[in-house]
Amino acid sequence: MTGENALFVDLTAVTLQDTDVAYGAIPDAAIAVRGGVVDWVGPASDLPASSRDLPRHSLGGRCVTPGLIDCHTHIVHGGNRAVEFEMRLNGASYEEVARAGGGIVSTVSATRDATQADLLTDALRRVDALMAEGVTVIEIKSGYGLDIETELRMLRVARAIGERRAIRVITTFLGAHATPADYAGRDDAYIDEACIPALRAAHRDGLVDAVDGFCEGIAFQPAQIARVFDVARDLGLPVKLHAEQLSNLGGAALAASYGALSADHIEYLDEDGVRAMAAAGTTAVLLPGAFYTLRETQAPPVAALRQHGVPMALATDINPGSSPLNSLLLTLNMGCTLFRLTPEEALRGVTQNAARALGLTDCGTIASGMRADLAVWDIEHPAELAYRIGFNPLHSRIIGGAL
C-alpha cells in the first residue's frame with residue numbers, strides 16, 4: 001500500500017501484541033511509519049537511527065491503539081423497526097415478531113424500495129459515527145435484499161462507502177438471511193433460485209469478500225446453509241455463520257467443518273461446538289447489542305471459549321431490528337458488563353481478534369509490517385475504553401500514517 005512516512009513520539013503504544021505485558025503496552029514509545037506501514041515500534045530510547053529523520057509528530061503522552069475493527073454489521077439497510085421495538089417491550093419475543101411478518105422480512109421491503117443513493121446516504125451517517133470512535137475497518141453484510149438485484153445493490157453501496165470515507169470495508173454476502181415473502185414456505189427453492197444465483201453474480205462482479213448465513217429455526221437449517229457454503233468454497237470465498245443465537249442447531253460445528261472464519265452470536269453454543277471451533281481456528285464473535293436488545297438471559301459460553309483457546313471478537317451487529325447499536329465503544333462496555341469479558345479481552349475483541357474474524361493479517365495489532373491505521377486516545381490506561389459509558393475519548397485517527 002502507499003501512504004505516509006512519519007515518526008510518532010510521546011505516546012504509550014497499546015500494541016495488543018501477544019506479550020507478557022498487559023495489552024502489549026509500551027510506555028514512552030515511538031512508532032515509525034514508512035509508506036503507510038508500521039516500520040518499527042518500541043521504547044523511544046531504542047529508536048533506530050534510520051528512523052530518527054522521519055517527519056516527527058508528538059502525541060502529547062496519549063495512548064495509541066490499533067484502529068478499531070467492527071467485524072459484524074448490517075449497516076446498509078432501508079427503514080427502521082422502532083415499532084417492533086415497542087412490540088417486544090410489550091411482551092412479544094423476537095421469534096414471535098418474525099413469524100408475524102416483522103423482523104428481517106420487514107426490513108427487506110424497505111431496502112428493496114430504497115434507491116442506491118438513499119441507502120448510501122443513510123449508511124454513511126452510521127459509518128461516520130463509528131469512525132468518530134476510532135473505527136478504521138468495518139465489515140458490511142448484504143441480506144436485506146433477498147433477491148439478486150437488491151443484494152447486489154447493497155454490496156455496491158458497501159463498496160462505495162470504502163471509496164467515500166477513509167475506512168476499510170470488508171463485504172459479506174448474506175443471501176441466506178431469511179426467506180422472503182415471495183418464497184414463503186419454499187426455503188429450498190429460495191436457496192436454489194435466488195440466494196445461490198445472487199452469490200454467483202456478486203462474485204462475478206467483485207462485490208463479495210466472504211459468505212455468511214443465518215442458521216436458526218426462523219431462518220435456515222444446517223443442510224441448507226451447507227449448500228450455500230459449498231458454492232462459496234467452489235468460488236474460493238471464506239465463510240462465517242450466524243449460529244446458536246436462539247437455539248442449538250449445530251451451526252457452529254457446521255461452520256467449523258468448512259474452516260469458517262467465525263461463528264457469531266453463539267449464546268446456545270455447547271461444548272461440542274466450542275471444541276469444533278477450537279480445532280478449526282474459528283473465531284467466536286460475541287454480539288452483546290443483540291443480547292441486550294432482545295433481553296436474552298443465556299449468555300455465550302465465555303468460560304468454555306477461554307478454556308479451549310477460542311479467540312473472542314466483539315462487534316456492534318448494528319442492524320435495524322435486533323441490535324440498533326451504533327457505538328463500538330459501548331459494545332466494549334457491554335461485552336464486559338453482560339458477558340464478563342475483561343477490558344483487555346474486550347479491546348482485543350475489537351482489534352486483534354476482530355481482524356482474525358475477517359481473515360485479515362495486516363491489522364489488529366501495532367507491529368512491524370502492519371498497516372499504520374491507528375487510534376489516538378485521551379486516556380491514561382486502555383481499560384478506560386471499556387469502562388466509561390456514553391463517553392468518547394478519541395483524539396484522532398491515523399490512516400496510513402497520516403493524522
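Two strands pair if DSSP finds at least two bridges between them. Strands (E, at least two residues) and helices (H or I, at least four) are DSSP runs, numbered from the N terminus.

This is a predicted model: local features need pLDDT of at least 70, side-chain atom pairs count only at pLDDT 80 or more, and totals for chains, interfaces and linings use all residues. Residues are numbered from 1 along each chain as its sequence is written, and side-chain values use heavy atoms, leaving out hydrogens and water.

**The sheet**

Six strands form an open sheet with mixed pairing, in the order S3-S2-S1-S4-S13-S14. S3 (37-43) and S14 (394-398) stand at the edges. Each has a single partner strand, so one side of each is left without a neighbour in the sheet. Inside the sheet, S1 (residues 6-14) pairs with S4 (residues 56-66) in the parallel sense, over 6 bridges. Ala13 stands opposite Val64 in S4.

**Two helices**

The axes of H4 (residues 116-131) and H5 (residues 148-164) come within 9 Å and cross at roughly 50 degrees. Axes are lines fitted to C-alpha atoms, for helices over the stretch in contact, with angles from 0 to 180 degrees between N-to-C directions. That makes H4 oblique to H5. Oblique is what remains after roughly parallel (under 35 degrees), roughly antiparallel (over 145) and roughly perpendicular (65 to 115).

Contact means heavy atoms within 4.5 Å. These residues make it:

| Helix | Contact residues |
|---|---|
| H4 | Gln116, Leu119, Leu120, Ala123, Leu124, Val127 |
| H5 | Arg153, Arg156, Val157, Ala160, Ile161, Arg164 |
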